[in-house]
Amino acid sequence: AGACGIEQIIYLGTITHEAGTESTKLEGALPEGFKLTRIVIDVREAFTASTTLNLGDGTTAAKYASAKNVATAGVLYEDKFEDVGDKPVDVYAALSAEATDGSADIYAYVAKLDV
């Protein structure tokens, strides 16, 4: 449930090149009652050149991360400071182009700010 002011890391899921360009619901969700502070995209295997990744909530395609270049292995960050709300929020990932290679793990940093 979280303690006030303690940031936690949540594994949201993995996206691979097999997902194609369709919006893919990740395994995990952002927990209700928390503040989202950062999204982390750990590109373990680079996607095909010029491929970017958007992360959204199913309504807004790039709400959490917009056009992140995943054509190079490494870690990408998107700082945020927004309320998740009063119910869990599913996160969706979408690639900009069909890729023949690539894999990335997605994490969220969240903190409970209620006293």
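Two strands count as paired if DSSP finds at least two bridges between them. Strands here are DSSP runs of E with at least two residues, numbered from the N terminus. The model shown is predicted: local features need pLDDT of at least 70, side-chain atom pairs count only at pLDDT 80 or more, and totals for chains, interfaces and linings use all residues. Residues are numbered from 1 along each chain as its sequence is written, and side-chain values use heavy atoms, with hydrogens and water left out.

View 1. Start with S3 (residues 35-45). As a rule, strands of a sheet pair through backbone hydrogen bonds, either parallel or antiparallel.

**View 2. Four strands form an open sheet in the order S1-S8-S3-S6.** The pairing in this sheet is antiparallel. Its edge strands are S1 (7-16) and S6, each of which pairs on one side only. On average, neighbouring strands are turned by 20 degrees against each other, direction ignored. For such angles, axes are lines fitted to C-alpha atoms (for helices over the stretch in contact), and the angles run from 0 to 180 degrees between N-to-C directions.

**View 3. Threonine 37 is a buried residue of S3.** Why does threonine 37 count as buried? Its relative accessibility is 13%, and buried means under 20% relative accessible area, exposed over 50% and partly exposed in between (1.4 Å probe, protein chains only). Beyond its neighbours within four places in sequence, threonine 37 is in contact (heavy atoms within 4.5 Å) with residues including Glu7, Asp79 and Tyr109.

**View 4. Arginine 38 lies over the face of tyrosine 109.** The distance from the ring centre is 6.0 Å. A charge sits over a ring if NZ of Lys or CZ of Arg is within 6 Å of the ring centre and within 35 degrees of the ring normal.

View 5. Four bridges link S2 to S7, and leucine 30 has valine 89 in S7 as its bridge partner.

**View 6. The largest nonpolar core has 25 residues.** Such a core is a set of buried Ala, Val, Leu, Ile, Met, Phe, Trp, Tyr and Cys residues joined through side-chain atoms within 4.5 Å. Leu30, Ile41, Leu53 and Leu55 have the most contacts inside this core. At least two core residues come from each of S1, S2 (24-30), S3, S4 (52-56), S7 (89-95) and S8. Leucine 55 touches, among others, Leu26, Ile39, Ile41, Val91 and Ile106.

**View 7. Serine 50 has a positive phi.** Its phi is near 70 degrees, in a residue other than glycine. Look for serine 50 in the loop between S3 and S4. At 64% relative accessibility, serine 50 counts as exposed.
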